[in-house]
Amino acid sequence: MRKLLVDSRAKALNYHLAHNCGAPGWAVVPAPGVPFSRLPSRRLRHYHAAYAPLRPQNGELLHLWNRIRIGGRGPWGVTFESRLPRVADDNPGLRKRLLEILVSDTDLKFLVPLSSYAHMRFRRALVDLELELSRDVQVGIIPPAVRPASPAGPARRHNKDRRIRLVFVGNDFFRKGGEAVLRTYRELSPELPLDLTVVSPVQVGDYAAPHRNATDVARLRELLTSTGGISYFPSAPHPKVLQLLQAADMAVLPSLADTYGYFAAEAAVHGVPVVHTNIQALPEIVGGHGWQLELPLDGNSEWAGIGQGPDHYEDAIVGLSVQLADAIRRYAADPDYWWERRTEVASIQAVRFGANRFQKLSEFYALASGK
């Protein structure tokens, strides 16, 4: 079996998704990077953007996750969720420097944006900086590996009381639209038989709502724990989340910003209809099996209200709540239709996020390694 080197930094963003780099015929081998405090140039020190090999690696191909290699030798490539390099807009100098390193590296063999949105973002960055990627570099959109709960396939509908079970999952409660979900549930629950499960720590430090403080967090946690019909979990193991999805009627993700939207993808492979927004990669992840809520967008298909202050956030939450309520009412008008489609949708999405993407990734590896 051939050896595939994968960055092993346990605290990296979405590190738990490292299995996305694996493919049949390749053994995944951890490849530690140099501690960032030891990088030779301070300009290149950026936790989420750069990787430097710790020592000569015993493997044939290196596959990174969201980060660009600096130094080292041997063929490599990278999968990225939204931006490459993963640098904030307020640091254009670092972005330019890293992109210059990327396009000049003759060992770079492949780039894998997870979505058309990520691909567009990367290409636009190159054009803006008048940089050009070598034609020898393979570029292909390959979605992440997403596996359904075991046993595979959607659960049969078994709630005889016909209650509509909504599930919301997101570490960043505000960015994922959690306030819109809670507002909608409280307004609709007297009208419809709803149950809501929320899995989120609900905490400050969310860039989509920087004005929210500890007082807001305490108030929302109190509402989540005291409102009838809501099951609130500050956290849950991943198998538990998949079980919740299997039994859900609707997955709700009225997100204001999302680098990818893995919760939507996990709902998709279970055939669960998703309520999502029109931002970034979410429409292509869901693929029409659900309802799309509209937000004002900028030229990068991102919510135009990011960084615009609390009034824009409040307006967005109100608008999303109205649209979300309409989606739930439409589901309630014919829930059996959506359950009848679940097996078919789950089968299609399981191939898309499973066999098809592994086959394409294997082809990339074969070309990159010359075999």
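Residues are termed buried when their relative accessible area is under 20%, exposed when it is over 50%, and partly exposed in between (1.4 Å probe, protein chains only). The structure is a predicted model, in which local features need pLDDT of at least 70, side-chain atom pairs count only at pLDDT 80 or more, and totals for chains, interfaces and linings use all residues. Residues are numbered from 1 along each chain as its sequence is written, and side-chain values use heavy atoms, with hydrogens and water left out.

The protein contains 10 helices and 14 strands, where helices (H or I, at least four residues) and strands (E, at least two) are DSSP runs numbered from the N terminus. Of its 371 residues, 51% are buried. Among contacts (heavy atoms within 4.5 Å) with a separation of 6 or more, 68% are accounted for by residues 24 or more positions apart.

Helix 6, spanning residues 262-269, is mostly covered, with 8 of its 8 residues buried. The buried residues of this helix are Y262, F263, A264, A265, E266, A267, A268 and V269.

Six strands form an open sheet in the order 11-10-9-12-13-14, with parallel pairing; two strands are taken to pair if DSSP finds at least two bridges between them. Strand 11 (230-233) and strand 14 (290-293) are the edge strands, each pairing on one side only. On average, neighbouring strands of this sheet are turned by 20° against each other, direction ignored. Within the sheet, strand 9 (residues 164-169) pairs with strand 12 (residues 250-253) in the parallel sense over 2 bridges, and A251 in strand 12 is the bridge partner of V167. Helix 8 (residues 310-333) lies across strands 9, 10, 12, 13 and 14 and runs at about 165° to strand 14. Axes are lines fitted to C-alpha atoms, for helices over the stretch in contact, and angles run from 0 to 180 degrees between N-to-C directions.

The second largest pocket holds about 220 Å³ of space. It is lined by 15 residues, of which R95, R121, R124, A125 and D128 are the closest to its centre. A pocket is an open set of points on a 1 Å grid over the protein atoms alone, where a 1.4 Å probe fits, with protein on both sides within 12 Å along at least five of seven lines; lining residues have an atom within 4 Å of a point. Grid points are joined across faces, edges and corners, and the volume is the space filled by probe spheres set on the points. Helix 1 (92-104) and helix 2 (116-128) each supply at least two lining residues, and helix 2 gives the most, with 5 residues.
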